[in-house]
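Reader: Please take me through this structure slowly, and tell me at each step how a value is turned into a word.

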Amino acid sequence: MTVIGTSSQWKIIAAKKRKDLANSIPAEWRVPEHLLPPDSQDDVTSWPETSGWFTPEELAITSLSAEELVPQLAQGKLTSEQVTRAFCKRACAAHQLVNCLSETLFERALETAKARDEHLARTGKVVGPLHGLPISLKDNFNLKGRDSTVGFASLVGEPSKIDSALPQLLEAAGAVVFVKTNVPTAMMIAESVNNVFGRTLNPRNRKTTSGGSSGGESALITFKGSCLGIGTDIGGSLRIPAACTGIFTIRPSFGRFPGRDCRSGMPGQEAVQSVNGPLARTLSDIIMYSSAVVNSQPWLRDPKCVPIPWRAVELPAKLNIGVMWNDGIVVPTAPVSRALRETVAKLRAAGHNVTDWDPKDQAEGTLLLKRMFLADGGKTIRHELRRTGEPWREEMYDYSVAEELGTADMWKLHLERTAFQNTYLDRWNASNLDAILCPTTAYSTTQHGSFRHVGYTGVFNVLDYPAVSFPSGFTVDKDMDVDGADYRPLSDDCSIIHASYDGELLHGQPINLQLVARRLEEEKALAITKAILEL
């Protein structure tokens, strides 16, 4: 797209993009007006089963996990075409109810699915470990001939000339890519909202956020419009959406999964690395996907990947878990604190060693993350906005007023980051921990436009530690979950977050926690999470 320079051009571009997206949904997959849930219906997760719009076969297929679908596809009990069609239809419904898509790839997906079925019928063999499985992708994964706007009007109409390394690997493993999902502007807001596609809603409660920046993915998966989706994480962008909707994800260490040829909202920012990872409704799907990708030798597709195959893990009978009750900046809201207390009690009752983890380094890590994000003075984002006259969103105020660091100051910032990583590792080793258990966010989820504080996730991006966000099994209870008399705010953000907590609005919403392991210990992080869930 060429430079426009007029203040209203972005509105014209955005309106056309939204219209094109709506028109890309075939008539057969557009929900009849009289069947749509009323705007007053907050929870729409049960709508597919009660609407009468889906066939029993479609409902059955889209209710299966990826791990359940893969063997049925491999054995020919289900065809890839019928599975792909079912998820395409449900994804279209999800978009019409919660605004979660950015691109549809139905023609490509159905052609790929038919090719998978033909190959299996002709050879009796699967293409790969993900044979015939529909997988959704976050907007920033490039696909040939398709936009990757990452929420900018200026990037509408600039289709990619290539596929990113990950979708290439997934299709080589047999997967079928069928949609891309919405993100916030530049993928740098903790809620999925931008000036092109608008705001993605949480299917569990449309008055609340599905998180960001992979919130389109979390909303789609929670609605069962996808059984497995891929997002990215640079400060919590996988884990926050998973927490807001009550699903699973892993933020891996840099180099485990391929990130080559993806679009970034701040290209060239590598002080803290962006990584990609799966989101799903079950932990077993996260494990299946992770092993399939790593065992596909991604280091042969991306020079930044580490050549470490997926490893078996044998956990000790007694785990050493450090629990971080708060990060010294924001006390978790009452439901999150309760879920953490209850989980710790179960760990101790099972005989595991649980000790308190001092959060004394968390504030420094949170500040380091912010300084690295703002180091270019907001110039990269400002450049894209100016191309079409697009305004700054309120959520990006800090970028709009930031001052650029010079090279020497940036080098000093890198040294501070390295010193921080060293200190944290030394403390971890001295404590002999297997993992840290802590909140994913201070919330279960929250009202649109009110998400604050990514410190619980972002510090582990600075450290490059793998972290799993998982539903704890506990839900918000409006009567039980209130601040006690001993609550004392730790900061202005803490006061604002607790003042905005609405137990009535959030009653019944799932509560996620976070499990963190040492760098490149993805297998161990997932294994410990599984052990905790089994309690």
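**From values to words**

Reader: What makes Thr55 count as partly exposed?

Author: The relative accessibility of Thr55 is 34%, and the word rests on cut-offs for relative accessible area, where buried means under 20%, exposed means over 50% and partly exposed is what lies in between (1.4 Å probe, protein chains only). Because 34% falls in between, Thr55 is called partly exposed. This is a predicted model, in which local features need pLDDT of at least 70 and side-chain atom pairs count only at pLDDT 80 or more, while totals for chains, interfaces and linings use all residues. Residues are numbered from 1 along each chain as its sequence is written, and side-chain values use heavy atoms, with hydrogens and water left out.

Reader: Where in the chain is Thr55?

Author: Thr55 sits in the loop between α2 and α3 (56-62), where helices (H or I, at least four residues) and strands (E, at least two) are DSSP runs numbered from the N terminus. Its C-alpha atom is 48 Å from that of Gly484, a residue 429 places away along the chain.

Reader: Why is Arg30 also called partly exposed?

Author: The relative accessible area of Arg30 is 36%, so Arg30 is partly exposed. Arg30 belongs to the loop between α1 (9-23) and α2 (47-51), and, when residues up to four places away in sequence are not counted, Arg30 touches Ala22, Asn23, Ile25, Trp53 and Gln96, a contact being heavy atoms within 4.5 Å.

Reader: How do you know that helix α7 is mostly covered?

Author: Helix α7 runs over residues 165-172, and six of its eight residues are buried, namely Ala165, Leu166, Pro167, Leu169, Leu170 and Glu171. Leaving aside neighbours within four places in sequence, Leu169 is in contact with Pro258, Val293, Ser296, Pro298 and Arg301.

Reader: Which residues touch the most other members of the largest nonpolar core?

Author: A nonpolar core is a set of buried Ala, Val, Leu, Ile, Met, Phe, Trp, Tyr and Cys residues joined through side-chain atoms within 4.5 Å. The largest such core has 92 residues, and those touching the most other members are Trp47, Leu69, Leu130, Leu133, Leu170 and Leu437. Helix α5 (residues 80-98) gives the most to this core, with 10 residues. A second, separate core has 41 residues, among them Leu155, Ile189, Met372 and Phe460.

Reader: Why is α4 called oblique to α10?

Author: The axes of helix α4 (residues 66-74) and α10 come within 8 Å and cross at roughly 55°, where axes are lines fitted to C-alpha atoms, for helices over the stretch in contact, and angles run from 0 to 180 degrees between N-to-C directions. Angles under 35 degrees count as roughly parallel, over 145 as roughly antiparallel, 65 to 115 as roughly perpendicular and the rest as oblique, so α4 is oblique to α10. Ala66, Glu67 and Val70 of α4 make the contact with Ser284, Asp285 and Met288 of α10.

Reader: How many disulfides does the structure hold?

Author: The structure holds zero disulfides, a disulfide being a pair of cysteine sulfur atoms within 2.5 Å. For Cys262, the nearest cysteine sulfur is that of Cys305, 11 Å away. The sulfur of Cys438 is 15 Å from the closest cysteine sulfur, in Cys244, and is therefore too far for a bond. Cys438 is buried, because its relative accessible area is 0%, whereas Cys262, at 26%, counts as partly exposed.

Reader: What makes the backbone at Asn99 and Gln297 worth a remark?

Author: Most residues other than glycine have a negative phi, and most peptide bonds are trans. Phi is positive at Asn99, near 60°, and at Gln297, near 55°. Asn99 lies in the loop between α5 and β1 (101-104), and Gln297 in the loop between α10 and β11 (320-323). A cis peptide bond, with omega of about 10°, joins Gly212 and Ser213.
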